[in-house]
Amino acid sequence: CPPAHPAPLPSSPVLPSLGLAADQHSPCPLADGYTHWSYTDLDLVAGDLTAFVSRAELVELDILTFTFGDAVTHGRLYLRGQFAMHRLSAATSRLWLACEFLSASGGSGGGAGGGGGSGGLLHELRIKHARATRAQQRGEAFRPHFNSAEGCYSRVVATSPTLRVKYANRMIADFTSAPQVYVLLSGGGRRAAVRMCAGSEGDGTAGGLVGSPMRPTASSSAPASQRAACDPFAPPPPPPRASLLGNQRPVGALIPLVTHTNCSEWVEPRYRVCADVSGAWASELGADGAANGWNFFYLAGRWYRQRFTASHPAGLIEGALFHFQVWKRAYKRQGPQLAPIPPPGESAAFVLTKEGYRPLALRPAGGSSTGAGTGAYEYDEALASIDARLKAIERDGDHQPG
């Protein structure tokens, strides 16, 4: 049996196979006493997940995965590596065995870009390890290709006739986020939160989703006088943890959805599953004035879409997770210029941008607790040098070699 707390696995292809370790019928169950399991990525910041998952979803669904709006703008229907919560059952824990490159017998299959290997995942890993060893001995760089779980495994799930799967728009990603994303840490009666100001999605980052800017939201299309003030530190209502209501409410009935295979270019064509978003419905604002307010469902072999409305503090958009897609590349180029993040006890929040991050102090402006919840926070003097270094990077630009 593996150790009770195995080390994180280094590559995404094996993530779906974690279900076998979580299965209560496994000879080495790692999730004894739990009802659900999920794989995740390292390049993200999590908010309060309990505020974004409802009890009904836990009871009624086999798999729940979070998207960041590209399911609507680009029709991409695949399980996200950031969050794909599976019900702990034999039906979900062994789905991955249908992928040739993951199975014991193997074959010629593959995920993103193809390239499967005969003999399954273990055989593929042995080959890559041997190639990496030879490259190291020769002093050469080696970047191994791995099949993506976003390809084969997502297709297996989307063609299993008995599963109930939901693709919920609850994640923030820097492709489409506002230029500043605020991360509030839990503690002292506060709950964790990942949020941004409404109405500035797509500004100052990667210019919106690749190939298409974000559609306007209610807050961005409304006159400035009618927009809610953005206070990143506004206290959210405490989530009813016992009842687990979630932050989204369905609007209207489930509507049948047509699918095709012309999206997600990084995935091998035979594994692509795409929503037909060519209709006018995809660009219409919801009753609450929000864009991209659609969730997608795969229920017993049929596809559906359903409008939803979400509860956020006034002027803000909250996400269950924030995913670094573009900004992490800029961080890597900055290298030693990017200061380390202080321990959580030294800060109440961080402001994330594509240039870096700035920690915000627990102490409200003026040294009084009356400023809490009003946005009146100031930088801690102990962190002033970090802030100055980041501002210098923003002013002078990135001169590090790419």
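The dialogue below goes through the sheet, one of its strands, the cores and the disulfides.

Mentor: Ground rules come before the features. This is a predicted model, where local features need pLDDT of at least 70, side-chain atom pairs count only at pLDDT 80 or more, and totals for chains, interfaces and linings use all residues. Residues are numbered from 1 along each chain as its sequence is written, and side-chain values use heavy atoms, with hydrogens and water left out.

Trainee: What is the order of the strands in the open sheet?

Mentor: Terms come before the order. Strands (E, at least two residues) and helices (H or I, at least four) are DSSP runs, numbered from the N terminus. Two strands pair if DSSP finds at least two bridges between them. Here seven strands form an open sheet in the order β1-β4-β3-β5-β12-β13-β9. The pairing is mixed.

Trainee: Which strands stand at the edges?

Mentor: β1 and β9 do. Each has a single partner strand, so one side of each lacks a neighbour in the sheet. On average, neighbouring strands are turned by 20 degrees against each other, direction ignored. Those axes are lines fitted to C-alpha atoms, for helices over the stretch in contact, and angles run from 0 to 180 degrees between N-to-C directions.

Trainee: How many bridges join β9 and β13?

Mentor: Six, in the antiparallel sense, with β13 spanning residues 302-310.

Trainee: Now β3. In which sense does β3 pair with β4, and in which with β5?

Mentor: β3 pairs with β4 (residues 84-87) in the antiparallel sense, over three bridges. There, L64 has M85 as its bridge partner. With β5 (residues 164-169), β3 pairs in the parallel sense, over five bridges. On that side T67 stands opposite N169.

Trainee: Are the residues of β3 buried or exposed?

Mentor: First, the general idea: in a regular strand the side chains alternate between the two faces of the sheet. Now the cut-offs: buried means under 20% relative accessible area, exposed over 50%, and partly exposed in between (1.4 Å probe, protein chains only). In β3, residues 63-67, five of five residues are buried. I63, T65 and T67 lie on one side, L64 and F66 on the other, and both faces are covered.

Trainee: Next, the cores. Which residues touch the most other members of the largest nonpolar core?

Mentor: A nonpolar core is a set of buried Ala, Val, Leu, Ile, Met, Phe, Trp, Tyr and Cys residues joined through side-chain atoms within 4.5 Å. The largest one holds 34 residues, and L77, L79, Y167 and F296 touch the most other members. β1 (36-39), α3 (70-73), α6 (152-157), β5 and β12 (294-299) each give two or more residues to this core. α6 gives the most, with four.

Trainee: What does L77 touch?

Mentor: Contact means heavy atoms within 4.5 Å. Leaving out residues up to four places away in sequence, L77 touches A71, Y167, L257, T259, V273, C274, A275, F296 and W303. There is also a second, separate core of 16 residues, which includes F66, F68, M85 and A320.

Trainee: How many disulfides does the rule give?

Mentor: A disulfide is a covalent bond between the sulfur atoms of two cysteines. The rule here is a pair of cysteine sulfur atoms within 2.5 Å. The count is three.

Trainee: Where do C99 and C152 lie?

Mentor: Their S to S distance is 2.3 Å. C99 is in the loop between α4 (90-93) and α5 (120-138) and C152 is in helix α6, so the link ties together parts 53 residues apart in sequence. The S-S torsion is about -115 degrees, so this disulfide is left-handed. C99 is buried, at 0% relative accessible area, and C152 is buried at 3%.

Trainee: And where are C197 and C230?

Mentor: C197 is in strand β8 (residues 193-197), and C230 is in the loop between α7 (218-221) and β9 (248-256), 33 residues apart. Their sulfur atoms are 1.8 Å apart. The link is left-handed, with -75 degrees about the S-S bond. C197 is partly exposed at 21% relative accessibility, and C230 is partly exposed at 30%.

Trainee: Why is the disulfide of C263 and C274 called left-handed?

Mentor: Because the torsion about its S-S bond is about -90 degrees. The sulfur atoms of C263 and C274 are 2.1 Å apart. C263 counts as buried at 3% relative accessibility, and C274 is buried at 0%.
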